[in-house]
Amino acid sequence: KTYHDINDTNFGQQQLGVITYYSQIENFNYDDKNRIVSFSMPFDWSVKNIDQILVVHQELIIPKTFGDLMVKNISVDVNGIQISEDLVTIDDFSYDNRIVHLVIGKNDLLNISKEQGTPNDKMVFSFSPTQNDLSLSNVTANGQYRINLSWQPQNIQSGSLTTFMVDITDVFLLDRPVLVNYDLSILYEDKIIFQKNSTSTGLKTEQDMIEFFIPDNITGPIILQFENLGGNEIAMANLPVVVNRITAVETSIPAWIKNNAGWWATDQIDDSAFLQGIQYLIKERIIDR
């Protein structure tokens, strides 16, 4: 088991975890622009090696405070090849974390080996939301209800009206929609800014619609806190969304800046010339002061 601290553009400091049952992972990375978690591990793709393997099992641990990865469906690629959704299971039955299980059997490994063409000595995993979906999902603490949340407009803005759409299903009934009362609170910086008692529709074709005007002073993550589903005190779950979402941008360091750093480190240029390069990065907002 390994833990990896990241600083997400919208949700701030988060800690992702990986449990691997085959070999130590390496090259862990989170791309917050595309919401992709990736890592790799050594792997021998020869038929001789695969014949000795029952399964390759990986688990991605996601804190439930990390809204961008609390999506309803997660897709997984191995060496750029999309894995069947049957091999991916999302476990939301912990109050603090969700666990995405990937279990690849021998036949699936052989198929991946054939499809990827020229074999390499690694297995590269990529976990990401399915089809760039921003709808969220969580299971209540008592394990009975699944709450699916979406909203319009998708880009929630302060000082505007947002409609939240809520579906509630019963996990014990194989996620069949159910009609159930619940209390909803919306929290910002641990303070309640909205409360409502509502009822799910119990229908596949209709959702419970809740309108909320986002105050002008609200920006960043807000928490939708669902409680007392069906009158059960431990039937509760949280789902975080972002107001005024910041789109992560890719920045690159100019080649001449990299050259300057190398020359400065080897005393080929003086401090003044090197500082000019740093001042350029600050002026162009590539780095902060």
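Student: Which strands each supply at least two residues of the lining of the second largest pocket?

Tutor: They are β11 (136–139), β15 (181–188), β18 (220–227) and β19 (237–243). Strands here are DSSP runs of E with at least two residues, numbered from the N terminus. This is a predicted model, where local features need pLDDT of at least 70, side-chain atom pairs count only at pLDDT 80 or more, and totals for chains, interfaces and linings use all residues. Residues are numbered from 1 along each chain as its sequence is written, and side-chain values use heavy atoms, without hydrogens and water.

Student: How is a pocket found, and what lies nearest the centre of this one?

Tutor: Rolling a probe the size of a water molecule over the atoms shows where empty space is left. On a 1 Å grid over the protein atoms alone, a pocket is an open set of points where a 1.4 Å probe fits, with protein on both sides within 12 Å along at least five of seven lines; lining residues have an atom within 4 Å of a point. The second largest pocket is lined by 20 residues, and K64, T65, I223, N238 and P240 lie nearest its centre.

Student: Which way do the side chains of β11 point?

Tutor: In a regular strand the side chains alternate between the two faces of the sheet. In β11, L136 and N138 point one way while S137 and V139 point the other, and all are buried (under 20% relative accessible area, with a 1.4 Å probe and protein chains only).

Student: What stands opposite N138?

Tutor: That is I147 in β12. β11 and β12 run antiparallel, joined by four bridges (strands pair if DSSP finds at least two).

Key:
Buried means under 20% relative accessible area, exposed over 50%, partly exposed in between (1.4 Å probe, protein chains only).
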